[in-house]
Every structure is written in structure tokens, then in C-alpha cells.
Amino acid sequence: MDIEALIPHRDRMKLINDVLDINADTAVTSSLVSDQWPLCRGSSVDPLVLIEIVAQTAAVHISWKKGADRGVGGGGWLVGIKNADFFLDRIPLQTVLITTVKNLYSAENYNVLEGTVTAGTDILGRIQIQVFRSEPD
């Protein structure tokens, strides 16, 4: 799946490497923590970056459902954080992160989604976001 057809992020801000699974209710992505990522300091990154990974996975899910991978995308995004819980202080470089985002509620261009980020069997964060998507002109 072409991630760049689904999200506008490029270069250092594109944090998702692969879409592992996607269906009407959920999206699962993988990411490899890199020293090129925002919030990298030394040999680790701040867990605040998990919010962006959940937002990008949510964008993949919503765009896929809207048909952006078939040239139907566009519009802008406004994301709000409803809740964020982090379960570690730093994430080491080269950690493989698996992010699962589930749509909790949607109405027209508004969605509430919950994302869980894991590394192996460890839950690193659980983030709930709300997304408003404007339609292209």
C-alpha cells in the first residue's frame, strides 16, 4: 500500500513505514524508531512522538476509507488529543512499533479514534484523538 497516497507527511515527518492491516474499523501500521525522527535525543525518542504516530495511522485509516488511495482524497486535517497515556520515559532507537487505531465514533467529517502503540508484548502508549477533516474545494 502506498502510504504517501494516504498521508501528506514526507521525509522526517513520515513516521509510518508499513501498513500491516486495514479494514472498515481498524488500521495497523509499523514504524522503526529512527534518529531522524522529531524529539530524538541521543539514543532514544520522547514518547510524545506516539501521538503523531497514532495521528498518522488514523489518517491512513480515514483516507483509505474515503478512497484517497484511488485518487479521491484531499482536504485538510485538524487533530485534537482527547487523552494520552504513556508507559515509558524514552523509546530506544531501532525499536519496532506496532500501532493499532480503532474508530470509536464518526459523523460526517468528524472521527474519534483510539490508538495503542506496542513494542513486542509491551504497551508503550494509548492515545485517543479526535479528527476533523475538511473537504477539498
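Reader: What makes helix 1 mostly covered?

Author: In this predicted model, 14 of the 18 residues of helix 1 are buried. Buried means under 20% relative accessible area, so helix 1 is called mostly covered on that count.

Reader: What does helix 1 lie across?

Author: Helix 1, residues 49-66, lies across strands 1, 2, 5, 7, 8 and 9. Its direction makes an angle of about 50° with strand 9.

Reader: How do you know that the reach of helix 1 is close to the expected one?

Author: The expected span is 1.5 Å times one less than the number of residues. For the 18 residues of helix 1 that gives 26 Å, and the model reaches 26 Å from the first C-alpha to the last. Just after helix 1 comes Gly-67, with a positive phi of about 90°.

Reader: Which order do the strands of the six-stranded sheet follow?

Author: The order is 1-2-7-8-9-5, with antiparallel pairing, and the sheet is open. The twist from one strand to the next averages 20°.

Reader: Why are strand 1 and strand 5 called edge strands?

Author: Strand 1 (18-22) and strand 5 (77-86) each pair on one side only.

Reader: How do you know that strand 5 pairs with strand 9?

Author: Pairing takes at least two bridges between the strands. Nine bridges join strand 5 to strand 9 (residues 122-133), so the two count as paired. They run antiparallel, and Gly-80 stands opposite Gln-130 in strand 9.

Reader: What makes strand 4 and strand 6 a pair?

Author: Two bridges join strand 4 (residues 44-45) to strand 6. The requirement is at least two, so the pair qualifies. Ser-44 has Pro-92 in strand 6 as its bridge partner. The strands belong to an open sheet of three, in the order 3-4-6, with antiparallel pairing. Its edge strands are strand 3 (40-41) and strand 6 (91-92).

Reader: Why is Lys-102 called partly exposed?

Author: The relative accessible area of Lys-102 is 45%. Buried would need a value under 20% and exposed one over 50%. The value of Lys-102 lies in between, so the residue is partly exposed.

Reader: Which residues does Lys-102 touch, leaving out those up to four places away in sequence?

Author: Lys-102, in strand 7, touches Asp-25, Thr-26, Val-112, Leu-113 and Glu-114. Thr-26 is 76 residues from Lys-102 along the chain, yet their C-alpha atoms are separated by 4.5 Å.

Notes
Residues numbered from 1 in each chain as written. Predicted model: local features only at pLDDT ≥ 70, side-chain atom pairs only at ≥ 80, totals over all residues. Heavy atoms only, no water. Helix = DSSP H or I, 4+ residues; strand = E, 2+ residues; numbered from the N terminus. Axes fitted to C-alpha atoms, helices over the stretch in contact; angles between N-to-C directions. Contact = heavy atoms within 4.5 Å. Buried < 20%, exposed > 50% of the residue type's maximum accessible area, 1.4 Å probe, protein only.
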